Amino acid sequence: MKTVAFLLSSLLLAATAQAANEPAAMAKPDLAKGGAISNQVCMACHTADGTRGAPANPIIAGQHAEYLAKQLVEFKTGKRKNPIMQGMAAPLSEEDIRNVSAFYASKTTKPGFAKNKDSVALGEKIYRGGIADRQVPACAGCHAPNGAGMPAQYPRLGGQHGDYVEAQMTAFRSGARANNPVMTTVASKMNDKEIKAVSDYIAGLR
């Protein structure tokens, strides 16, 4: 009987120790706190709900929370270079980043449109089929045919400002943006005309 009691006591102690060593479950994001951070830090460039602000700044409404959080962390650590965003991300805690990312992800973006009808065909061809002779993969393979992307892996692109997409593709190509080796390789094989065409096509994708 004493042996059974001893074994039960040992098992209980082991289970308690294991539970103590396991990380606490991540708290659910607080959208209200995320909204407050948006009003204090983000809205001047990204608007209060992350929709269609200046073309130089990304539309972040409806963007995957995991992707937004990853970018904020990389701005904060310096892996992704941008003096303005590095300054904005620097004081944010892990909880702040989770909350503000979830806040913007919860918003609905407004449809965009392509501006250059003459390049739409080329942009669509690259987005849906890539550039075979240079081994440029189809954008749709990672970012989905409608530009919805894949949470935690690939960002939502559909309806994004064409000017912003073009700037990021150019930065990947030049090495100015170096936080995604796959995109650096893809962009390095594309010329200005191709980057501009696919960026403008993405702006109208929905």
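Q: How are the residues numbered?
A: Residues are counted from 1 along each chain as its sequence is written. In this predicted model, local features need pLDDT of at least 70 and side-chain atom pairs count only at pLDDT 80 or more, while totals for chains, interfaces and linings use all residues, and side-chain values use heavy atoms, without hydrogens or water.

Q: How far apart are the end C-alpha atoms of helix 3?
A: Helices are DSSP runs (H or I, at least four residues), numbered from the N terminus. The expected span is 1.5 Å times one less than the number of residues. For the 13 residues of helix 3 (residues 65-77) this gives 18 Å, and the end C-alpha atoms are 18 Å apart, which agrees.

Q: Where does helix 2 bend?
A: A bend is the angle between axes fitted to the seven residues ending at a residue and the seven starting there. Helix 2 bends by about 60° at Gln40.

Q: Which residues of helix 2 are buried?
A: Buried means under 20% relative accessible area (1.4 Å probe, protein chains only). In helix 2 these are Gly34, Gly35, Ile37, Ser38, Cys42 and His46. They pack against helix 4 (83-89) and helix 5 (94-105), where contact means heavy atoms within 4.5 Å.

Q: Which helices do the buried residues of helix 3 pack against?
A: The buried residues of helix 3, among them Tyr67 and Phe75, pack against helix 4 and helix 5.

How values were computed. Helix = DSSP H or I, 4+ residues; strand = E, 2+ residues; numbered from the N terminus. Buried < 20%, exposed > 50% of the residue type's maximum accessible area, 1.4 Å probe, protein only.
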